[in-house]
Amino acid sequence: MSSELVIAYYDASPDTTRQERWQALLTPLLGTFRMVGLLDAAAEQAQIALVWSPPTGRLAQLSALKLIISLGQGVDHLMREPDLPKSAHIVRLVDPNMSHALSQWVILNILDHYREGRLYRAYRAEKAFIQRPQIETADLPVAVYGMGAIGQVIASQLAGLGFDVHGWSRTKRDFGSQITAYHGSDGFRQLTQTCRCHVCILPLTPETEGLFSAEIFNSMPTGALFINGGRGKQVVEADLLAAIRSGQLGGAALDVFAVEPLPDSHPFWDEPNITIWPHVAAQTNPETAARQVASAITSVLAGKTPDNLVDLARGY
């Protein structure tokens, strides 16, 4: 094998602009290397894969791989691979810029819902100067499910705005005085039954797939708001639609879906109380993530363990 550093790149887009941007940003940090498309024959010499949702089975064909870097916080797109190279470390991006962006997206949707933005926009379209009583949100209980790096930023930002924030994690943890911590199945059910706003930032694992179903939606206080910035398959979409249409839920804001792009025929498009975002809540920013990517590469090439290593047993 050549000693030349080869990085295989894939982001599911036919446009090479982002690949070229990554190469330009990584060159000053890594020195000379060659970046090739994951599907190119030259990728079989690659020691590094920088990828998002690669074609099934392709990574297994790259016998020289030492490191697989997910082009995002989530790694479920890699967990679907039936035969990942056992010699390769897998890391995910933990970019503060993504935490900042996703927290803004959550805050935007919460405030828009409780300040009745959709209704006032409808009044604006009718040139109707109508005032409504303000919904009280001081100390409104908000549950954040998934208290990793991003979830903790979201919870902290919401607490700073005066919400009564509760954070749920798989195991017992302490998030400081501003955030009430819950864990396990009992803690999960306690939050679904008491909080008026529910924010999902969970990774997709066998345990979280289909987690938000009719049973969970019906346990929430009537009129609750549901926000999903995690993964689409964590929600039973037919159950969510039924909860919205019945009034059990007062609204939903969704950035992720079981099938993306969301099909034209999907009933979510026709439901005004569901706000649809095209998976843009927190996009990977090469400018802010390049140093983290370069650090992972240099660590592995030096025989060290990189930061943000994925636990294959947990799935994230």
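The model is predicted. Its largest nonpolar core holds 27 residues, and another core, of 26 residues, lies apart from it. A search of the whole structure finds zero disulfides.

**Nonpolar cores**

- Helix α8 gives the largest share, four residues.
- Leaving aside residues up to four places away in sequence, L240 is in contact with F217, F226, V235, L249, A252, L254 and F268.
- A separate core of 26 residues includes Y114, L158, A159 and L225.
- As a general background point, nonpolar side chains in soluble globular proteins tend to be buried together.

- Strand β1 (residues 6-10) and strand β2 (residues 34-37) run parallel and are joined by four bridges.
- Across this pairing, Y9 stands opposite G37 in β2.
- Together with helix α1 (residues 17-30), β1 and β2 form a right-handed β-α-β unit.
- The loop between β1 and α1 contains A12, which has a positive phi of about 70° although it is not a glycine.

**Helix α3**

- Helix α3 covers residues 96-114, 19 residues in total, and its first and last C-alpha atoms are 27 Å apart. That span is close to the 27 Å expected at 1.5 Å a residue.
- Its buried residues are M98, S99, L102, S103, W105, V106, I107, N109, I110 and Y114.
- An α-helix has 3.6 residues a turn, so residues three or four places apart point the same way.
- After α3 comes E116, with a positive phi near 55°.

- A224 lies in strand β10 and is buried, with a relative accessible area of 1%.
- The C-alpha atoms of A224 and R196 are 4.7 Å apart, although the two residues are 28 places apart in sequence.
- Not counting residues up to four places away in sequence, A224 touches R196, H198, Q248, L249, G250 and G251.
- L225 is also in strand β10; its relative accessibility is 2%, so L225 counts as buried.
- L225 is 28 residues from C197 along the chain, and their C-alpha atoms are separated by 4.7 Å.
- With residues up to four places away in sequence left out, the contacts of L225 are N109, I110, H113, Y114, R196, C197, H198, G251 and A252.
- N109, I110 and Y114, among those contacts, are buried residues of α3.

- C195 is in no disulfide, and its nearest cysteine sulfur, that of C197, is 8.5 Å away.
- The sulfur of C197 has that of C195 as its closest cysteine sulfur, and the 8.5 Å between them is too far for a bond, because a disulfide needs the two sulfur atoms within 2.5 Å.
- Both residues are buried: C195 has a relative accessible area of 1%, and C197 has 0%.

**Other backbone positions**

- The peptide bond from E260 to P261 is cis, with omega near -5°.
- P261 sits in the loop between β11 and β12.
- N308, in the segment after α9 (286-301), has a positive phi near 60° and is not a glycine.
- The relative accessible area of N308 is 27%, so N308 is partly exposed.

How values were computed:
Residues are numbered from 1 along each chain as its sequence is written. This is a predicted model: local features need pLDDT of at least 70, side-chain atom pairs count only at pLDDT 80 or more; totals for chains, interfaces and linings use all residues. Side-chain values use heavy atoms; hydrogens and water are left out. A nonpolar core is a set of buried Ala, Val, Leu, Ile, Met, Phe, Trp, Tyr and Cys residues joined through side-chain atoms within 4.5 Å. Buried means under 20% relative accessible area, exposed over 50%, partly exposed in between (1.4 Å probe, protein chains only). Helices (H or I, at least four residues) and strands (E, at least two) are DSSP runs, numbered from the N terminus. Contact means heavy atoms within 4.5 Å. Two strands pair if DSSP finds at least two bridges between them. A crossover is right-handed if, with the strands pointing away from the viewer, the path from the first strand over the helix to the second runs clockwise. The expected span of a helix is 1.5 Å times one less than its number of residues.
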